[in-house]
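Please look through the structure shown here and follow it one region at a time. The text starts with strands and then turns to charged side chains and the surface.

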Amino acid sequence: MYANHDYYITEYGGKMSADDFKRFARRAERRIDSITGGKLQYAFPANDRDIEAVKDCVCELADFLWQIDSYNNASMESIGTVAQADGTVKGKVITSVSSGSESRNYSTSGIANTSISEAAKDRKVADTIIYGMVQDNLGGIPDYNGINLLYAGVYPYSTKVVNPPPTYPKGEQAEPSNPQPPIDSDDQDGGSGENNLTEGGATDNNGEEDDGIGYVDSIIVYNQYTYGTMQEQTYFGTRFDNVRIELTQGANQKASGMENTSVCVVKIPNTNLPKPYKAPPVWLQLTAEEMLGSFTLNKGNDFFVIAKKGDLGIDVDLPAGMIESDSYEGYDDGFMGYVKVNYGYAFTVDTVDVYTVIPRFEIGGK
């Protein structure tokens, strides 16, 4: 479930019993999945603010469905009359129902002019209100892959589970698992075959078993953060030692038959990382200090530079940490342009894969 009864009571301030909440929260989640294309089933958000938005949406929608159900159950009891002081009678209609110590309010006009009563009478009205609730709560909220939950177009990522919804064993919230980077579509069975996982272990681009040989190189990954109306750019650099660098343009062109292929592939063991990894949509929500204390891998925005590779005679001292790109305005592309001119071997990240048999990140650059 996306939210539990404890959150509903303590954070949302609801009044349903645990059994009622379980029943109506499931209905609410099915409606949310229908509107969001089921993204929450395989790419549940990792950012606390976004998770809270999903939980609040479930709670509000569950409450709404519960009130409709309560209205319908009470409708038969509302049939009858209410005696007036002058001896006349008028039809009675229940306008509110409370759980627990039972209480009802009656409208002597015979009309309950509320959104609940209208929704109970007309499915189209209910559907409109439900969609509005989901839109209000989840509009602008991204899933784990950074895709807006209300986006209805073709999903640009693999729909393989990369971050499942939370589970609540014995009524308690389970500890969230450490987020892993999104698995690129080429990393699945049926992909290009270059980076697929196999039962015997991960293989490199030549089909040879990758046993850790050659992990003696170094790179610096520069994560880009763009802000402000002028689209100012700041880069956050992280150095990775003991990686394996492969300049593979010729091999990749031969295998794919395409000229527009990765020029450089870097294999980064994730068993001894210098900083914790954060998924791109999570990293972009962090403070500058938190960005400095972590890293991400964002295709199309980030770039990396070869800092050390013995067989090419490369051993350079590059800046890391936080770098304002505007300080290098004399170069095309700012800081990235400066690095290319003065150091060379700088590549824009164009592929990101993660392997679990031999745990590592694998990034490709052009």
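**Strand 8 and its partners**

Strand 8 and strand 9 (residues 314–315) pair in the antiparallel sense over two bridges. The model is a predicted one. One of the bridges can be found at Lys 309, whose partner in strand 9 is Ile 314. Together strand 8 and strand 9 make a hairpin, and four residues lie between them. In the turn of this hairpin, Gly 313 has a positive phi of about 70°.

Strand 8 also pairs with strand 5 (residues 217–227), again in the antiparallel sense, over five bridges. Here Ile 219 has Ile 306 of strand 8 as its bridge partner. A further neighbour is strand 11 (residues 346–355), which runs antiparallel to strand 8 and is joined to it by three bridges. At Phe 303, the bridge partner in strand 11 is Thr 348.

Is strand 8 mostly covered or mostly open? Strand 8, residues 303–309, is mostly covered, since six of its seven residues are buried. Buried here means a relative accessible area under 20%. In a regular strand, side chains alternate between the two faces of the sheet.

**Salt bridges**

Side chains of opposite charge can pair when their charged atoms come close. How many salt bridges does the structure hold? There are eleven salt bridges in the structure.

One of them joins the side chains of Glu 246 and Lys 267, with an N to O distance of 3.3 Å. This pair links distant parts of the chain: Glu 246 belongs to strand 6 (residues 232–247) and Lys 267 to strand 7 (residues 264–269), 21 residues apart. Glu 246 has a relative accessible area of 13% and is therefore buried. Lys 267 is at 0% relative accessibility, so Lys 267 also counts as buried.

Another salt bridge brings together Asp 127 and Arg 123, at 3.1 Å from N to O. Both residues are in helix 5 (residues 123–138), and because they are four residues apart, about one helical turn separates them. Asp 127 is partly exposed, with a relative accessible area of 28%, while Arg 123 counts as exposed at 58%. Arg 123 and Asp 127 are also linked with Arg 31 in a network of salt bridges.

In a further case, the side chains of Asp 50 and Arg 49 meet at 3.3 Å, N to O. Asp 50 is buried, with a relative accessible area of 2%, whereas Arg 49 is partly exposed at 47%.

**Patches on the surface**

Which residues form a negative surface patch? The patch is formed by Asp 6, Glu 11, Asp 48 and Glu 52. Helix 1 (5–12) and helix 3 (48–75) are the elements that give two or more residues to this patch. Asp 48 has its place in helix 3. With a relative accessible area of 66%, Asp 48 is exposed, because exposed means over 50%.

There is also a nonpolar surface patch, made by Leu 247, Leu 312 and Tyr 345, of about 260 Å². Where does Tyr 345 lie? Tyr 345 is in the loop between helix 9 (334–342) and strand 11. Its relative accessibility is 38%, so Tyr 345 counts as partly exposed.

Notes: Residues are numbered from 1 along each chain as its sequence is written. This is a predicted model: local features need pLDDT of at least 70, side-chain atom pairs count only at pLDDT 80 or more; totals for chains, interfaces and linings use all residues. Side-chain values use heavy atoms; hydrogens and water are left out. Patches are made of residues with over 30% relative accessible area and no salt bridge: like charges are joined within 9 Å, nonpolar side chains (Val, Leu, Ile, Met, Phe, Trp, Tyr) within 5 Å. Accessible areas come from the Shrake-Rupley method with a 1.4 Å probe; for residues, only the protein chains shown count as cover. A salt bridge is a side-chain nitrogen of Lys or Arg within 4 Å of a carboxyl oxygen of Asp or Glu. Lys and Arg count as positive and Asp and Glu as negative; His and the chain ends are not counted. The place of a charge is taken as NZ of Lys, CZ of Arg, CG of Asp or CD of Glu. Buried means under 20% relative accessible area, exposed over 50%, partly exposed in between (1.4 Å probe, protein chains only). Two strands pair if DSSP finds at least two bridges between them.
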